[in-house]
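Let us walk through this structure step by step. We begin with a single residue, then widen the view.

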Amino acid sequence: MESGLRVSDLRVRVANTDILKGIDLRVEPGKVAALMGPNGSGKSTLAFALTGHPNYEITGGSATLDGEELIGLAPDKRAKAGLFLSFQYPAAIPGVSVANFIRSARQAVNPTDLPPAKFRKMIFEKLETLDMDPAFLSRYVNDGFSGGEKKRLEMLQLAIINPKYAILDETDSGLDVDALRAVGDSVNAMRATDEGKQTGYLIITHYPRILAHIPADVIHIMMDGRIVKTGGPELANQIEREGYDRIREEVAGGVA
Amino acid sequence: MGSLSTMPEALGLGADSLDAVIERYGEGAFTRTERTAAFDRFHELPAPPKPSRNWKHDLSRLDLANIVVARDPGAAVDFRAIGANEPAICFVQTDGVVAVTRAPGIDERIRVCSLGEAKSDHPDLFAQVTGRVHAFDRDKFATLAQAFQSGGAFVYVPEGVSLDRPIEIAYVGTRCAIFPYTVVLVGAGSRVSIVERLVAKADAGFTSGITEVVAEPNADVTYTVLQENDAHATTFNARSAIVRANAVVRFAFADFGSALTTNKLSVKLVERGARIESAQVFSATGNQHYDLTSQVEHVVGDTTSDTVVKSAATDEAQARYLGNIRIDKAAHGSQASLRDDVLLLSKGARVDSIPALEIAANDVQAFHGATVGALDDEHVFYAMSRGFSREEAERMIALGFFEPAIARFAGNDLRTYVREALATTVQAK
């Protein structure tokens, strides 16, 4: 079996417009890949397409998770296969408490026996790492949450569900320094555990700052629906210094 | 009165069957003259309008001649208990026959009996409420509950008495139509919770019920209704309350059964500090029709009303809700809130929602809001991305939609009961 989250020549169309024009990338178990690029380059489209959003039409290519083809599966089947998306704008579900939602989600994805007492202990530990008030648990999912609270709730779900592969879609956007540190601490705490160390991450971001908390093993730069450059952690520093324009020039120069 | 088994069966709503009801159950709460007058009013009041595209249910096809109003009761019916806690007092009426059981140690001053007994044993208390709270002259089908009344529940909680466990009142129709008539008088400073259950089985087919509640000053009354009549039943209910100074009445209605359910709620806040909270939930499936009306009148100032209606409809179901709040000229400083949300789960379902405020006073706080919508695809996708199947996601989100109203049902046991009953009905098509 071929391990990893492997995307090969993936082409995606949204509302009759081709957005992704042949994406190739890999996320290895236990590793962190970063996907960077300017606004509108197609990063979130990749996240939604991999998760199975019905509005994202796959026009070519494939995406496999540890050898299992994801394309064509319903979103819940992909979650059960081990894929998790931390949403940039998570939906509110009024009337459904955070505690019930997370417990049911964990049961759906990972139907192993988790006694209530053990679940409680687990969730309280994660809440503490994320610097979240336990009162969160009785609130309705994302209902009336601030931007920062929504992101923390995504991280809490990630920590409880413990997927094989996690896509973090601009989890850092709109976060203050403390919240960003809490996100980094939560992911790093997971990666330090036996059950969490095998999770592979795809971190989608504009800014290198989240990578200071969660160091990437590999960085891909996306522009106009293509991955135009791949490199090591030093690529993040280059973007910090020079912005995307320099890379755009490089790519244009290469083509010309 | 002879023995029940020798009694003739009475078929159809007519003068003969009125005699049969009296012969079988006695005059009870209403004299022959009163019953005849009520039945005359039924005929005088205009027939329901003809069906239209917006309202397909055709009441003119209701076969009055085939409604059985008197017959030997069938076997006892088991209905699902609400949680593990025994009610303080259980009133069960099977067809026209009443049985009351009391848990040990319940305050003897609390009276729960048939309406007929109440009339003979406590004529003053009976007369204080019965027929005085509901406006029968404008309600065609409510007149039937007087004309053909049998059994009926009378609940009297005297001044200064509090009951922690609920009183359960079940109206069960096994072999004949039921005409539930409940009269509740709660004395000053008393507290009680009543759960009314409607269980008309297939052979009962038709119910028309009345509830009249008077909450004396500082009383605290919770009145819950679970309607689980047979899917083919025709159900009419009229519930009215008068709320006096600083008293609170909490109505919570959950309707699940019947082909047609017509609920009318009418509340008068007659003294300062009076408060009404009401919650109604239903989830219409198949070809069910729900016709809900609520009318709250703020007669004096410093009174409060808070109404929440949450409904869903799927398949070819239809529903309408008319919510009216009236704040009279003298009712300064009143607060009124009316919230009505509809979830449409299929293309063929239809719900019309008409909230209305009539405000004659200055200096009031009034809010009303109504929404009609479908499940949001983005919400469903979000839940599915967490491992919930489409069905699970839709059910969870739909149940969440009801939660603000479910939260108003008294106690965990009732809330769980309502959630579970709703869960079987909400599914997008």
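Start at Asp328(B). Its relative accessibility is 14%. Buried means under 20% relative accessible area, so Asp328(B) counts as buried. Bear in mind that this is a predicted model. Asp328(B) lies in a loop of chain B. The loop runs between strand E18 (318–327) and strand E19 (335–344). What does Asp328(B) touch, leaving aside residues up to four places away in sequence? The list is Glu297(B), His298(B), Val299(B), Ala360(B) and Ala361(B).

Now step back to the whole of chain B. Its secondary structure comes to eight helices and 21 strands. The radius of gyration of chain B is 21 Å, close to the 22 Å that the globule rule gives for 429 residues, so chain B is as compact as a globular protein of that length. Along its principal axes, the C-alpha trace spans about 65 × 45 × 45 Å. Of the 429 residues of chain B, 57% count as buried.

Contacts tell a further part of the story. Take the contacts in chain B with a separation of 6 or more. Residues 24 or more positions apart account for 83% of them.

Chain B has 43 positive and 55 negative charges.

Next, look inside chain B at strand E13, residues 248–255. Seven of its eight residues are buried, so the strand is largely enclosed by the rest of the structure. E13(B) has partners. Strand E11 (residues 220–227) of chain B pairs with E13(B) in the parallel sense, over eight bridges. Here Val225(B) has Phe253(B), in E13(B), as its bridge partner. Strand E15 (residues 275–284) of chain B also pairs with E13(B) in the parallel sense, again over eight bridges. Strands of a sheet pair through backbone hydrogen bonds, either parallel or antiparallel.

A helix of chain B comes next. Helix H1 covers residues 15–25. Which of its residues are buried? They are Ser17(B), Leu18(B), Ala20(B), Val21(B), Ile22(B), Arg24(B) and Tyr25(B). After H1(B) comes Gly26(B). The phi of Gly26(B) is positive, near 85°.

Now turn to chain A. Here an open sheet of four strands has the order E2-E1-E4-E5, with antiparallel pairing. Its edge strands are E2 (17–27) and E5 (68–69), each of which pairs on one side only. Strand E1 (residues 5–14) and strand E4 (residues 56–65) of chain A pair in the antiparallel sense over eight bridges. Look at Arg6(A) for one example: opposite it, in E4(A), stands Thr64(A).

End with Tyr165(A), in strand E9 (residues 165–169) of chain A. Is Tyr165(A) buried or exposed? Its relative accessible area is 2%, so Tyr165(A) is buried. In sequence, Tyr165(A) and Pro29(A) are 136 residues apart. In space, their separation is 7.5 Å, C-alpha to C-alpha.

Note on methods
Residues numbered from 1 in each chain as written. Chains lettered and ligands numbered in written order. Predicted model: local features only at pLDDT ≥ 70, side-chain atom pairs only at ≥ 80, totals over all residues. Heavy atoms only, no water. Helix = DSSP H or I, 4+ residues; strand = E, 2+ residues; numbered from the N terminus. Rg over C-alpha atoms; globule rule 2.2 N^0.38 Å. Buried < 20%, exposed > 50% of the residue type's maximum accessible area, 1.4 Å probe, protein only. Contact = heavy atoms within 4.5 Å. Lys, Arg positive; Asp, Glu negative; His and termini not counted. Charge placed at Lys NZ, Arg CZ, Asp CG, Glu CD. Pairing = 2+ DSSP bridges.
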